[in-house]
Amino acid sequence: MYGGQSGGALNQFNEPIDVFVKNDTLYVADHNNYRVMRWDPGATQGIMVAGTGQRGNELKELRGVYDVIVDDKNNIGIGVKDDKEYSSNNGNKKNKEHTKK
């Protein structure tokens, strides 16, 4: 990971706010880049597994991502500020919106 300035490149973060570790792989909720990044062991850059890197209301876009969790089937759960929960099926970036109850 780049150890300098914040930014939107695949080796940078802009306010990483939560990290989940599964099998030595890091999943990072990159709050101000509106994305979740996966970092495999030894990687020099991350892979965007949810969001687009731009804030928005479209199906693949996120707003204010705060939490990330990965289940046994590699489904990614994402907590966001607008009180909705998003999930990404196996990191394929097809986000589904679920209203929290």
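Predicted model: local features only at pLDDT ≥ 70, side-chain atom pairs only at ≥ 80, totals over all residues.

Student: Which residue does Arg-38 form a salt bridge with?
Tutor: The partner is Asp-40, and the closest N and O atoms are 3.1 Å apart.

Student: And is Asp-40 buried or exposed, or in between?
Tutor: Asp-40 has a relative accessible area of 30%, so it is partly exposed.

Student: How many salt bridges does the structure hold?
Tutor: It holds two. Besides the bridge between Arg-38 and Asp-40, there is one where the side chains of Arg-35 and Asp-30 meet, at 2.8 Å from N to O.

Student: Are Arg-35 and Asp-30 buried or exposed?
Tutor: Arg-35 is buried, with a relative accessible area of 1%. Asp-30 is at 0% relative accessibility, so it counts as buried too. The cut-off for buried is under 20%.

Student: OK, switching to the strands. In what order do they form the sheet?
Tutor: The order is S1-S2-S3-S4, with four strands in an open sheet and antiparallel pairing.

Student: Which ones are the edge strands?
Tutor: S1 and S4, the latter covering 47-51; each of these pairs on one side only.

Student: What holds paired strands together in general?
Tutor: Strands of a sheet pair through backbone hydrogen bonds, in a parallel or an antiparallel way.

Student: Back to this sheet. By how much are neighbouring strands turned against each other?
Tutor: On average by 25°, with direction ignored.

Student: Over how many bridges do S3 and S4 pair?
Tutor: Over four, in the antiparallel sense. To pick out a residue, Met-37 has Met-48 in S4 as its bridge partner.

Student: New topic, aromatic rings. How many aromatic pairs does the count come to?
Tutor: One. Phe-13 and Trp-39 form that pair, with 6.0 Å from centre to centre and 50° between the planes, which makes it tilted.

Student: Where do Phe-13 and Trp-39 lie?
Tutor: Phe-13 is in the segment before strand S1 (16-22), while Trp-39 is in strand S3 (residues 35-39). The pair therefore ties together parts that are 26 residues apart in sequence.

Student: Last one. Are Phe-13 and Trp-39 buried or exposed?
Tutor: Phe-13 and Trp-39 are both buried.

Terms used
Residues numbered from 1 in each chain as written. Heavy atoms only, no water. Phe/Tyr/Trp six-rings, centres within 6.5 Å; stacked < 30°, edge-to-face > 60°. Helix = DSSP H or I, 4+ residues; strand = E, 2+ residues; numbered from the N terminus. Buried < 20%, exposed > 50% of the residue type's maximum accessible area, 1.4 Å probe, protein only. Pairing = 2+ DSSP bridges. Axes fitted to C-alpha atoms, helices over the stretch in contact; angles between N-to-C directions. Salt bridge = Lys/Arg side-chain N within 4 Å of Asp/Glu carboxyl O.
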